[in-house]
Every structure is written in structure tokens, then in C-alpha cells.
Amino acid sequence: MTRRPLRRHRLSRATAALSGHKRGAQPKVVALGGGMGLSASLTALRRITGDLTAVVTVADDGGSSGRLREELGVLPPGDLRKALAALCGDDEWGRTWSQVIQHRFESKGDLHEHAVGNLLIVALWEQLGDHVQALDLVGKLLGAHGRVLPMSAVPLELQALVRGHHPDRPDDIVTVRGQATVALTPGEVQSVHVVPADPPAVPEAVAAVLDADWVVLGPGSWFSSVIPHLLVPELLDALVSTKARKVLSLNLAPQPGETEGFSPQRHLEVLGRHAPKLAMDVVLADEAAVPDRESLADAAKRLGAAVELAPVASPDGVPIHDPELLAAAYDRIFRMHGRIGPWR
């Protein structure tokens, strides 16, 4: 019964903070991830800063993206499209274009399940011959509140070492190929890597990380959307060397298949194994999703981070982030943990 008033109070604080940021200089924020997790972060972050860049995974091989990738040899556009949709405004123009680019065709022919935004992005890639220029143009058309960049200029194949991928051989460790397959494995993912093993980073993505005030990693599918950023050497180097503060935003619940049975602290341990030189400043988690706060604090400390617990889940009980509550949590972190910046 007290949840609604609490939420309204947090909403008013987030709105006030947003108004304060808009009046002066704003923090430069870079958000890394893919899929719905990155969309959740972007929908929240665009409420508190206008200087926002999304750096998006390019390993998707399922659905419309996978078909376009296989047929045309292009980067998978789906996660890039979702990021652009999340950056659309809440006015009529933004809502309309968000719905348009997310629209999927239903037919008995080749267009079935293709998303309009995927076709638009690929068409501009072919017309302009430049990934970044094309995405900037789509963002301009949509009135996007931020920029969207791919993390690499080449499509990547995600591969994972998985124990028990075949249920009849629970102790066998095999290599599972493809993001869609990794995300749905019934086994236990041990580690992931990408092919090619030394993919080139998009220079604009590296520059954005180096120039940022804050970098946000996660939430999202841990092995297929979050960790892949750490497998692009130039991007990892930028994350290690940047002077930006870094937030690791945890999921609200383990993902069936990929992280089934993972505790919050295990997510941190897995990330640390893939990028042992990467330190974080803050780990953000929903307070109701952390049964063992001491263990999470210990795991965060090993990454150099403090833990911030906040109610960021949708109040209706569905395990999705509430944009306003997540915005309020990010805003508080930026103010409490940030160096004194021009937006303060």
C-alpha cells in the first residue's frame, strides 16, 4: 500500500533532477549492451542527460537480423534498432517512429517477421556505405535523444563453452555457436568468446568511452549482450583506461538457460573472469533481487566497486525495469559517486 506514494516521490525527484541537468551542461554517458536490457537503460538515461551514446553488440544471428546477416553479409541490425527505438522521445513524434521501426510484417512470404527498422538501417548502410553515418541519419529522422553505434564494424559469431548442453551428457563441455543458441542453452555456460577473435572496434565507440563522464554496462543477457563488449580488444582497452566512472547494472532475475541459477554475485564473478583488468565503481541492483547483500558487496569489492541498492523493478511484479525508477537510481549514483562535473 505504500509502494505507490513512494514511487511518486521518486518520480518527482527524477523529474526535478532532469530539469536541473537540462538547464546546464550534462554528463556524457555511454551505455553498453544489447537487446531489451540496453533498451531499459537507454529509456531511463535519456531522462537525465541529453549527451548519451549507446554502444551495441553485433553478434545476433537469430530472427530478422540473422536472416539479413546471412543473406546480405551485413551487421545484424536488430539490437541497433531497439536502441534507436528506446531513444525516441515520449512525444507523439517519438512514439510514432518508435512503433514504426519496431513494426514487424506478417505474411506468408519472405517479408514475414522482418522489422521495418532493420530494413531501413540496412538500406541506408547500402546507400551510404558507412555504418555510423547511416545510424546517425536514422537517429536524426527519429528525433532520437542520443547516438547509437555498433561496437564492431564486422559481424561477430558468439561461441560459448557449455557444460551439459546435451542433457544426456551432463558432464560434457562442448562449444556452442551462435548468440541465439547460447542464449537458450539448457547447460551451464563456462565462458564465451567471439569469432573473429580480434575484432576491430568502431573508432567512434572507443572515442565515446574515452570521452565519457560515466559508462553504464548492463543490464541484459550476461553472456550474449553484456560480456561481448569485453571481447573487443580496443573497446576493452578504452574501458580500462577511461577516466569515466563505471556502473555495472545487474539484471532483476537470472535468465532461463543462459544464467539459470546465477546469484547476483556470480554475475560479477563471471564478468571478472572475462576481463580481470576491468574495475568498476558502482554495482546497481534492485534491492528485492539481492538475497545475500554481504556476498554481493564482497564480489563488488573485488571489482573495486560499491553496491547501490534501489527499487528499480516495475511495481506490477513483472521482472522488467521501471524507466522512471531506474532513471532516479542512475541520477542518484551520478550525483553521489561522480567527480564534480560541469553538470553539478
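Author: A salt bridge here is a side-chain nitrogen of Lys or Arg within 4 Å of a carboxyl oxygen of Asp or Glu. This is a predicted model, in which local features need pLDDT of at least 70 and side-chain atom pairs count only at pLDDT 80 or more, while totals for chains, interfaces and linings use all residues. Residues are numbered from 1 along each chain as its sequence is written, and side-chain values use heavy atoms, with hydrogens and water left out.

Reader: How many salt bridges does the rule give?
Author: The count comes to 11 salt bridges. In one of them, the side chains of Asp211 and Lys28 meet at 3.0 Å, N to O.

Reader: Where do Asp211 and Lys28 lie?
Author: Asp211 is in helix H9 (residues 203-211) and Lys28 is in the loop between helix H1 (3-23) and strand E1 (29-33), so the pair ties together parts that are 183 residues apart in sequence. Helices (H or I, at least four residues) and strands (E, at least two) are DSSP runs, numbered from the N terminus.

Reader: Is Asp211 buried, partly exposed or exposed? And which class does Lys28 fall into?
Author: Buried means under 20% relative accessible area, exposed means over 50%, and partly exposed lies in between, using a 1.4 Å probe and protein chains only. Asp211 has 45% relative accessibility and therefore counts as partly exposed. Lys28 is partly exposed as well, with a relative accessible area of 31%.

Reader: What does Asp90 pair with?
Author: Asp90 forms a salt bridge with Arg47, and their closest N and O atoms are 3.5 Å apart. This pair also links distant parts of the chain: Asp90 is in the loop between helix H4 (78-86) and helix H5 (92-102), and Arg47 is in the loop between helix H2 (35-45) and strand E2 (52-56), 43 residues apart. Asp90 is partly exposed at 45% relative accessible area, whereas Arg47 counts as buried at 14%.

Reader: What about Arg169?
Author: Arg169 forms a salt bridge with Asp172, the closest N and O atoms being 2.9 Å apart. Arg169 is partly exposed at 36% relative accessibility, and Asp172 is partly exposed at 33%. Elsewhere, salt bridges that share partners join Arg46, Arg47, Asp90 and Glu324 into one network.

Reader: Which residues of E9 lie on each face?
Author: Val282, Leu284 and Asp286 are on one side and Val283 and Ala285 on the other, and all of these are buried. In a regular strand the side chains alternate between the two faces of the sheet.

Reader: Where are the cis peptide bonds?
Author: One joins Val195 and Pro196, with omega about 0°, and another joins Gly218 and Pro219, with omega about -5°. Pro196 lies in the loop between strand E6 (188-195) and H9. Pro219 is in the loop between strand E7 (214-217) and helix H10 (222-226).

Reader: What is the phi of Glu113?
Author: Phi of Glu113 is near 75°, a positive value in a residue other than glycine. Most residues other than glycine have a negative phi, and most peptide bonds are trans. Glu113 lies in the loop between H5 and helix H6 (116-128).

Reader: Finally, how many helices and strands does the chain have?
Author: The chain has 14 helices and 10 strands. Of its 344 residues, 53% count as buried.
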